[in-house]
Amino acid sequence: AHYYLGVMQLRVGSLKTAQENLAFAAQAYPDSPDVQFQMGKVLSESKRNDEALGYFEKTLLLDANHSGTLLELGLISLNAGNAEKAIDFLSRARSIEPENGEILKSLGEAFVKIGKFLEAIEILNLALKFDETNAETHFLLGKSFEGIGKSKEASEEFERANSLGKRDLKKMVGYDLGRALFDTGKIEEAISEYKKCIKVATDPATGWFELGKIYESKGDDSNSINAFQKSFELDGRSEAQFRIGNIHHIAGIDQIKEEMAGNKKDQLMEVAGSGTEDEREKALKSLLAMDKKSKDALTGLKDLARERGDIDQVEHYIKELKKAGHLNKRDADIALNELTYRSDSGDDLAVWENRLEDAKRHGNWTEAIRQNEKIKKYAKDQLLSWQTFSPKNKAQEEERKAMIKATRYRLKLIEAESKDLHTQKKRH
């Protein structure tokens, strides 16, 4: 799943997420040449060629005839100015895939770089047999003719390159106009032009294929599949079938992801309802990570905090439930008032003390320290409350002094127990 998600994300240009998924796949399948190759490719497209080379070299160790890797190594060498090395890689790639237009174009470019124009002309003419609309191939062919002094042929190729690559729509007709309209963002006009041209074109298969790509870019799967199918029926174009399969595949992946998310949510809800305290907390927080406004997750975490006697956390999740729209202002205020009453009545203090004693009995010193800290905070809050209390009579003043004295003494006992608990934890 990580591998296929990574490949699809790479295809649409989401390099960061593609790298994350492919890195996971590459670690899981170190002996798969295709996985290692895709990891190298995403690094290469992220301009991290040094890291990419390591993956490409590993791919060739696993599969010496991996044409995709040889092509990528050829392009890296070409961009680095090492045309001779590029020719070596690209020639090997061509021997494996002699009808790959991208390999042929890149090999032709490498020959142009070192001035072997006759070899370049032969290779580039072959490349055009597989894609006669590639402006860059025509330009390279023009440079090759220019290199051997054939100005007329060079001029013709430069004109073709210019025609295929320019944006002057008034001078264009047919598929060229459709392509140019699409390139300039006029999608609906491009679709209309293609439909009009297909009816009278000598090569309707190409029109249907390119129309399919436009629909695919819009996310219109139904019309895209229909156009690719017509292209395949007219000339048996294998790439049309591949794209149909790819559309179905991506749709299937999206469905699988939705089902997986649903299944995961059900599993987490089950754990949240029946697991241990720590398991419940992890499950509920995982649910919250999936949906920041999940009523089930927020309510579960609030109830868990209440069970633990963690007043601050209960208050936090009540406010989050209100923020998410699951509690109105009146209900939230009632819940917060109830929480204050529980705190004042000492209910939570009893919970903490019981938990502390239970943790000590079982030798769970970390949990015991945690409960002791809650009790200490509660005592400090009580001390502050008495210190800031304004008595209305002498009796209240006497009570205030007595409670301050008692609470301070209690804090000393809590501190002493805290030191003892830390000692026990260190010892065990």
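**Reading helix packing in a predicted model**

Q: How does helix 1 pass helix 2, in a left-handed or a right-handed crossing?

A: In this model, which is predicted, helix 1 passes helix 2 in a left-handed crossing.

Q: Which values describe how helix 1 and helix 2 are placed?

A: In general, a pair of packed helices is described by two values, the angle between the axes and the distance between them. Here the axes of helix 1 (residues 2–11) and helix 2 (residues 15–28) cross at roughly 155° and come within 8 Å. Angles over 145 degrees count as roughly antiparallel, and helix 1 is therefore roughly antiparallel to helix 2.

Q: Which residues of helix 1 and helix 2 meet, and how many of them are nonpolar, polar or charged?

A: On the side of helix 1, the residues that meet helix 2 are His-2, Tyr-3, Leu-5, Gly-6, Val-7, Gln-9 and Leu-10. Their partners in helix 2 are Leu-15, Thr-17, Ala-18, Asn-21, Leu-22, Phe-24 and Ala-25. Sorted by class, this contact has nine nonpolar and five polar residues, and no charged ones.

Q: Where is Val-35, and is Val-35 buried or exposed?

A: Val-35 lies in helix 3 (residues 33–45). Buried means a relative accessible area under 20%; the value for Val-35 is 6%, so Val-35 is buried. Leaving aside residues up to four places away in sequence, Val-35 touches Tyr-3, Ala-25, Ala-26 and Tyr-29. Tyr-3 and Ala-25 also take part in the meeting of helix 1 with helix 2. Gly-6, although 29 residues from Val-35 in sequence, is 9.7 Å away in space, taken from C-alpha to C-alpha.

Q: At what angle do helix 5 and helix 7 pack, and how far apart are their axes?

A: Helix 5 (residues 67–79) and helix 7 (residues 101–113) pack at about 30°, and their axes are 11 Å apart. Because angles under 35 degrees count as roughly parallel, helix 5 and helix 7 are roughly parallel to each other. Helix 5 passes helix 7 in a left-handed crossing. Leu-71, Leu-75 and Leu-78 of helix 5 make the contact with Glu-102, Ile-103, Ser-106, Glu-109, Ala-110 and Lys-113 of helix 7. By class there are five nonpolar residues, one polar residue and three charged residues in this contact.

Q: How many helices and strands does the chain have, and what share of its residues is buried?

A: The chain has 22 helices and zero strands, and 38% of its 428 residues count as buried. Its accessible surface comes to about 25,000 Å², and carbon and sulfur atoms hold 50% of that surface.

Conventions
Residues numbered from 1 in each chain as written. Predicted model: local features only at pLDDT ≥ 70, side-chain atom pairs only at ≥ 80, totals over all residues. Heavy atoms only, no water. Axes fitted to C-alpha atoms, helices over the stretch in contact; angles between N-to-C directions. Helix = DSSP H or I, 4+ residues; strand = E, 2+ residues; numbered from the N terminus. Parallel < 35°, antiparallel > 145°, perpendicular 65-115°, else oblique. Left-handed = near helix turned anticlockwise from the far one by under 90°. Contact = heavy atoms within 4.5 Å. Nonpolar A, V, L, I, M, F, W, Y, C, P; charged D, E, K, R; others polar. Buried < 20%, exposed > 50% of the residue type's maximum accessible area, 1.4 Å probe, protein only. Areas by Shrake-Rupley, 256 points an atom, 1.4 Å probe, with all protein chains shown as cover.
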